[in-house]
Amino acid sequence: MQQRPFGETKLTVTPIGLGLAALGRPGYITLGHGDSLAHDYEVASMERRAHTVLDAAWAAGIRYFDAARSYGRAEAFLGSWLQSREIDPAAVTVGSKWGYTYTAGWRVQAEKHEVKEHSLAVLRRQWAESRALLGDYLDLYQIHSATFESGVLENGEVLAELARLKQAGVAVGLSLSGPGQADVLRAAMAVTVDGVRLFDGVQATWNLLEPSAGPALADAAAAGMGVIVKEALANGRLTPANEDPAFAPRLAILQAHAGRLHTTVDALALAAVLARPWVSVVLSGVTSPAHLASNLGALAVTLDEEAIHDLAALAETPDHYWQTRAELAWN
Ligand SMILES: NC(=O)c1ccc[n+]([C@@H]2O[C@H](COP(=O)([O-])OP(=O)(O)OC[C@H]3O[C@@H](n4cnc5c(N)ncnc54)[C@H](OP(=O)(O)O)[C@@H]3O)[C@@H](O)[C@H]2O)c1
């Protein structure tokens, strides 16, 4: 798989990366998560599964891996894999995130799965934890779901600490969520420390159902930021695993174009992301090598005019999209 620069940083990424949100913990919101894990939540089983998917990703040429402090043991599983496979830190790009603390206690159902706090104390604690698990592999540290409400873009202490990390050689980014993604991104692009833009990269949701952040992401890329797209399959809604009858007409459109273009629905949805000129890397969020292989089919798909036209009509209003996402069950 070709490597390409991550914005203006020294880092490189592959067009498809692997996210570990679903591999690191028993409970998550992706469709059919529990079934995908065969409800086997033993730590050793989950680590084996994560390593199997990481091996398949590595063999396919994937060189960007994405974790977070709040993804259960994702950083630990990624760290143990990088070390056991003796991967050269220079051959791989690893991103993680701080700002949410994992509180589910390795349970599928929990009163609170994660607690958000974008304070200096949390940044310092979680940076030390991430470094302990990922060591020198850790290249990119992102604020997890920056919002205006969290106040993080106006927290001088936090911004100064991030600037110190950047000075020490770690790229600094932020991830976004919710209908306000574009507005938060534009505010983040304006954050400077000593006259230099602080954020090297952004991770945002862009998919066929929720493309509203596109213009802001294009501006971020043009300004030199690396762009990571997450939730490209809308947490599984853009796959055959989506059995919601209300979605059936749209799934039928996806299936018709996938059939015509000799690909799968998930690969078609990922190809739509890769067709954006501003994307550095799109994350695959799979839990099996078979689904990864299907996702990777995106690299061979070129959307034609007919597909571009029909797929553009699948978009929901941002409010509707994020409301639906909020209603996805932890499983
Ligand atoms: N705020 C943030 O910063 C944030 C938020 C969300 C996500 N992320 C990042 O983005 C990554 C991806 O997001 P996401 O987890 O929501 O993933 P996603 O890629 O939108 O969706 C993954 C879902 O699609 C299913 N799937 C994929 N290929 C399939 C196929 N061929 N057939 C049937 N089902 C298929 C997966 O099933 P299986 O599990 O069975 O493979 C899983 O349920 C995460 O791992 C994380 O790194 C970041």
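Two residues are in contact if their C-beta atoms, placed from the backbone, lie within 7 Å. That criterion is used throughout this walk through a predicted model, in which local features need pLDDT of at least 70, side-chain atom pairs count only at pLDDT 80 or more, and totals for chains, interfaces and linings use all residues. Residues are numbered from 1 along each chain as its sequence is written.

Start with Leu233. Leaving aside neighbours within four places in sequence, Leu233 is in contact with Asn207, Leu238, Thr239, Asp266, Ala269 and Gly285. Leu233 sits in the loop between β13 and α8. Helices (H or I, at least four residues) and strands (E, at least two) are DSSP runs, numbered from the N terminus. Is Leu233 buried or exposed? A residue is buried if 20 or more other C-beta atoms lie within 10 Å of its own, exposed if 12 or fewer, and partly exposed in between, with C-beta atoms placed from the backbone. Leu233 has 28 such atoms within 10 Å, so Leu233 is buried. Asp194 lies 39 residues from Leu233 in sequence and 39 Å away in space, C-alpha to C-alpha.

Glu231 belongs to the loop between β13 (226-230) and α8 (248-260). Glu231 has 26 C-beta neighbours inside 10 Å and therefore counts as buried. Its phi is positive, near 55°, and Glu231 is not a glycine. Most residues other than glycine have a negative phi.

Ala38 also has a positive phi near 55°. Ala38 is placed in the loop between α1 (33-36) and α2 (43-59). Ala38 counts as exposed because it has 10 C-beta neighbours inside 10 Å. Now move to Ala90, in the loop between α3 and β5. Ala90 has 9 other C-beta atoms within 10 Å, so Ala90 is exposed. Ala90 and Ala38 are 52 residues apart in sequence and 35 Å apart in space, C-alpha to C-alpha.

Pro5 gives another pairing. Pro5 lies in strand β1 (residues 4-5). With 13 other C-beta atoms within 10 Å, Pro5 is partly exposed. Pro5 and Gly226 are 221 residues apart in sequence, yet 7.9 Å apart in space, C-alpha to C-alpha.

Helix α4 covers residues 120-134, 15 residues in total. From first C-alpha to last, α4 reaches 21 Å, close to the 21 Å expected at 1.5 Å a residue. The expected span is 1.5 Å times one less than the number of residues in the helix. Which residues of α4 are buried? They are Leu123, Gln126, Ser130, Leu133 and Leu134. These residues cover an arc of only 100° around the axis, so they lie on the same side of α4. The arc is that of the directions from the helix axis to the C-beta atoms. On the other side of α4, Ala121, Ala128 and Ala132 are exposed. The buried residues of α4 pack against α3 (74-84), β5 (93-98), β8 (138-143) and α5 (156-167). After α4 comes Gly135, with a positive phi near 50°.

Helix α6 (residues 181-189) has Gln181, Val184, Leu185 and Ala188 as its buried residues. They cover an arc of only 100° around the axis, which puts them on the same side of α6. Their cover includes β9 (171-175), β12 (201-205) and α7 (214-222).

What surrounds the ligand? The shell holds 36 residues, and Gly19, Ser36, Ser175, Lys230 and Gly285 come nearest. Two elements give two or more residues to the shell: β14 (281-284) and α10 (289-296). Helix α10 gives the most, with three residues. By class, the shell has 11 nonpolar, 20 polar and five charged residues. Here Ala, Val, Leu, Ile, Met, Phe, Trp, Tyr, Cys and Pro count as nonpolar, Asp, Glu, Lys and Arg as charged, and the others, Gly among them, as polar.

Finally, the whole chain. The protein chain has 12 helices and 14 strands. Of its 331 residues, 49% count as buried. Residues 24 or more positions apart account for 81% of the contacts with a separation of 6 or more. Along its principal axes, the C-alpha trace spans about 50 × 45 × 40 Å.

Note on methods
Near = placed C-beta within 6 Å.
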